[in-house]
Amino acid sequence: MKIMLSRMPGILLIALALAAAGCSKGPTAGTLAEARSYFERGDVNAASIQLKNIIRENPSSGAAHLLMARVLYSTGELSSARIEIQKAIDSAEPQSETLPLLARIMIAQGDFAEVIKRLSTTQIADRTSMVDLRTSLGFALFKIGKLSEAREMVATALASAPDYARAKLVEAGLELGSGDRERAEAIVAGVLEREPENLEAWQLSGDIKRLDAKRLPEALSAYEHVIALKAADPMANAGIIDIYLTRGDIRAVEAQFAKMKALLPQSPPTLYYGARIAFLKGDLAAAIDFSERLLGIQPDNVRGLVLAGMIATRT
């Protein structure tokens, strides 16, 4: 009996170590699956909380950093998304998952020349990922004024995947940029016919319609369709607020902003509109607070800088 008792601490330690090893894998994997499920259901706040817990416990989890980058990108928190995607890349997550997302984030930040420099020669074995990357490169080329190269890049993407919605939408953007609004709208309509719930297509549809003051109700309807599919979409919320601001309907502006703030409290578009609305109401303290928080996240945000200058003239 003494021999058995003397062995018990060692046996317990081994058992506890094995249990701990099993728990460290199980809950992390489970929590990651839960975070992904939250994100897919549009609950970005719950997904973010889950992912922060995972990363706190396991900072080297490339999969967690990758999903966090997707969550942050979806809410417009681009600087943080850029950090997270780079951590995923450094953790050797698959290029097919990381590089297309990196390109999207860089484009959303306005780093068009940089994304071309960094990724223009990249080759990804996965066809869908390569098409998405070429689409991003085409958009970046368009934004720096290289229209013929942009059209060629988008055409290459569409040659591999003729109905790839995002490439078709960039094609629509090229048409819009060249002044052919009717052709652009026809392309977007074609995407929506094939994919009635494509959020980017509905967003672009709203953006095109908003160019015509007489079609603001149609634009509002398009943005509301996005919100119906994804309540936490920052650009659709922004589009709705912009239309209400154009109409001078401050009560509707405040109501929509309240929804946006509840869903996307730290998103740069939320902070921008918080500052803008507070400024319009004469609440300079709140305007300064929102403005400082925005520029703390995105110091080069052009609209934020312009607004900060306007606020400064009133203080």
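Helix α2 makes the greatest contribution to the lining of the second largest pocket, supplying six residues. Helices are DSSP runs of H or I of at least four residues, numbered from the N terminus. A pocket, on a 1 Å grid over the protein atoms alone, is an open set of points where a 1.4 Å probe fits, with protein on both sides within 12 Å along at least five of seven lines, and its lining residues have an atom within 4 Å of a point. The model is predicted, so that local features need pLDDT of at least 70 and side-chain atom pairs count only at pLDDT 80 or more, whereas totals for chains, interfaces and linings use all residues. Residues are numbered from 1 along each chain as its sequence is written, and side-chain values use heavy atoms, with hydrogens and water left out.

At least two lining residues of this pocket come from each of α2 (44-57), α3 and α4 (78-90). The lining comprises 18 residues, of which Ser48, Lys52, Met68, Leu72 and Glu77 lie nearest the centre of the pocket. By class, nine of the lining residues are nonpolar, six polar and three charged; Ala, Val, Leu, Ile, Met, Phe, Trp, Tyr, Cys and Pro count as nonpolar, Asp, Glu, Lys and Arg as charged, and the others, Gly among them, as polar. The space in the second largest pocket is about 310 Å³, a volume being the space filled by probe spheres set on grid points joined across faces, edges and corners.

Helix α3 spans residues 62-74 and contains His65. His65 has a relative accessible area of 2% and is therefore buried; buried means under 20% relative accessible area, exposed over 50%, and partly exposed in between (1.4 Å probe, protein chains only). A polar atom of the His65 side chain lies 2.7 Å from the backbone oxygen of Pro59. Beyond neighbours within four places in sequence, His65 is in contact (heavy atoms within 4.5 Å) with Ile55, Pro59, Glu84, Lys87 and Ala88.

In the loop between α4 and α5 (95-108) lies Ala92. The phi angle of Ala92 is near 65°, a positive value in a residue other than glycine. Ala92 counts as exposed because its relative accessibility is 65%.

The largest nonpolar core has 74 residues, and Leu51, Ile85, Val115, Leu119, Leu133, Ile241 and Tyr273 have the most contacts inside it. Such a core is a set of buried Ala, Val, Leu, Ile, Met, Phe, Trp, Tyr and Cys residues joined through side-chain atoms within 4.5 Å. Apart from this core lies another, of 15 residues, including Ala172, Val188, Val191 and Leu192. In soluble globular proteins, nonpolar side chains tend to be buried together. When residues up to four places away in sequence are not counted, Ile85 touches Leu66, Ala69, Thr98, Leu101, Leu102 and Ile105.

Leu204 belongs to helix α11 (residues 199-210) and is buried, with a relative accessible area of 18%. Neighbours within four places in sequence aside, Leu204 is in contact with Leu169, Ala172 and Val188. Between Leu204 and Lys259 the separation is 55 residues in sequence and 22 Å in space, C-alpha to C-alpha.

Thr270, in helix α15 (residues 268-281), is buried, with a relative accessible area of 0%. Thr270 touches Phe257, Met260, Lys261, Leu264 and Pro265, residues up to four places away in sequence not being counted.

Notes: Polar contact = N/O pair within 3.5 Å; in protein donor to acceptor, adjacent residues only side chain to side chain.
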